[in-house]
Amino acid sequence: MKSNILVIGGTGKTGRKVAKGLQDQGHNVRIGSRSADPAFDWQDPSNWATALDGMDKVYVTFQPDLAIPGALEAIEELVKQSKNAGIKKIVLLSGKGEKEAELCEQVIIHSGIDFTILRCSWFNQNFSESFFLDAILSGQIALPKPEALVPYVDTDDIAEMAIEVLNNDQHNDKLYQLTGPKGLTFPEVIKEIANRTQRDLEFIPISISEYIETLRQHQVPEDYIWLINYLFSNVLDAEGNNEISHDIEKVLGRKPKNFSQYVDETVSSGVWNPAT
Ligand SMILES: NC(=O)c1ccc[n+]([C@@H]2O[C@H](COP(=O)([O-])OP(=O)(O)OC[C@H]3O[C@@H](n4cnc5c(N)ncnc54)[C@H](OP(=O)(O)O)[C@@H]3O)[C@@H](O)[C@H]2O)c1
């Protein structure tokens, strides 16, 4: 059965793949983002009812992170407005190791609306579409916590999971943990990218305070610095955060993408080639 589905963050790392996959299946997809029409801005609840109007289901990616102050209230408001709009199912993209994100999950879980939670590890694509790309292009990657193991998950897998759970009620009221098949440290990640791009990439271990100082020197906004500090101090090596989950294989019947597959695909996209 075809549905009307609002994809919040529908031009982002997972959202654009979810939106494309659902459209290919014939669903009526509405993108929820500041640049969409109608616009959806997490900072302005007055425009949410228009975006929700006529929709059956919602894929929710919060910006910038469910851990930030105000996220809980925003998710509560979204649930309230979703009920008013008659939304039948919410799929929430959440983050592993984030206590504040778990509080947001609880709001969805107790909303009375059918739901699925996708609680994800850090994405592979942070190295090609986000935080770490500029450092890779510069050739020097200076980061704290070089020993932390992260089972990076691929946004292709997250999107396929989101599409599956949006389509099938057997996943209602479930929480899935999404990880890749293996934990990797930053030096291992950088070595792999260096080998495959045949570039000389140097990993430099630094303290969190040195990292924060560097971000300030680059005039990174303070709320973004707050988030980075939180992620490196509280999430990266949080207890249990490096555990491997088999939920992707359980649901999709195949193994999750490993980091080498992601690196191979990304090398051929050219995104890691420094400008000449
Ligand atoms: N990155 C990770 O490793 C990771 C891991 C686990 C969980 N998560 C969670 O995944 C979620 C998405 O993070 P992401 O890094 O992958 O971002 P993303 O989805 O790539 O973010 C970009 C998308 O968000 C939209 N957007 C930006 N600001 C917005 C606003 N104020 N209101 C509405 N839409 C807005 C953008 O469109 P417009 O510019 O048009 O608004 C775009 O569609 C976050 O909640 C994060 O905590 C991320």
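Guide: Pro38 lies in the loop between β2 and α2 (48-52); helices (H or I, at least four residues) and strands (E, at least two) are DSSP runs, numbered from the N terminus. The peptide bond joining Asp37 and Pro38 is cis, with omega about 5°. This is a predicted model, in which local features need pLDDT of at least 70 and side-chain atom pairs count only at pLDDT 80 or more, while totals for chains, interfaces and linings use all residues. Residues are numbered from 1 along each chain as its sequence is written, and side-chain values use heavy atoms, with hydrogens and water left out.

Pro64 is in the loop between β3 and α3. Most peptide bonds are trans, and most residues other than glycine have a negative phi. Asp173 has a positive phi, near 60°, and is not a glycine; this residue is in the loop between α6 and β7.

Now the sheet itself. Six strands form an open sheet in the order β2-β1-β3-β4-β5-β7, and the pairing is parallel. Two strands are said to pair if DSSP finds at least two bridges between them. β2 (28-32) and β7 (174-178) are the edge strands; each has a single partner strand, so one side of each has no neighbour in the sheet. On average, neighbouring strands of this sheet are turned by 15° against each other, direction ignored. For such angles, axes are lines fitted to C-alpha atoms, for helices over the stretch in contact, and values run from 0 to 180 degrees between N-to-C directions.

Take β3 (residues 57-60) next. Strand β1 (residues 4-8) runs parallel to β3 and is joined to it by four bridges; Ile8 has Val60 as its bridge partner in β3. β3 also pairs with strand β4 (residues 89-95), in the parallel sense and over four bridges. There, Tyr59 stands opposite Val91 of β4. In a regular strand the side chains alternate between the two faces of the sheet. In β3, Lys57 and Tyr59 point one way, Val58 and Val60 point the other way, and all are buried (buried means under 20% relative accessible area, exposed over 50%, partly exposed in between, with a 1.4 Å probe and protein chains only).

β3, helix α3 (residues 71-84) and β4 make a right-handed β-α-β unit. Right-handed means that, with the strands pointing away from the viewer, the path from the first strand over the helix to the second runs clockwise.

Some residues named so far return around Trp42. Leaving out residues up to four places away in sequence, Trp42 touches residues including Ile8, Val60 and Gln63, and also Ala74, Ile75 and Leu78. Trp42, Trp122, Phe127 and Phe186 have the most contacts inside the largest nonpolar core, which has 64 residues. A nonpolar core is a set of buried Ala, Val, Leu, Ile, Met, Phe, Trp, Tyr and Cys residues joined through side-chain atoms within 4.5 Å. Apart from it lies another core, of 25 residues, with Val29 and Ala162 among them.

Lys145 and Asp237 form a salt bridge between their side chains, at 3.1 Å from N to O; the term means a side-chain nitrogen of Lys or Arg within 4 Å of a carboxyl oxygen of Asp or Glu. Lys145 is in the loop between β6 (140-143) and α6, and Asp237 in the loop between α9 and α10 (247-252), so the pair ties together parts 92 residues apart in sequence. Lys145 counts as buried, at 16% relative accessibility, whereas Asp237 is partly exposed, at 38%.

Technical notes
Contact = heavy atoms within 4.5 Å.
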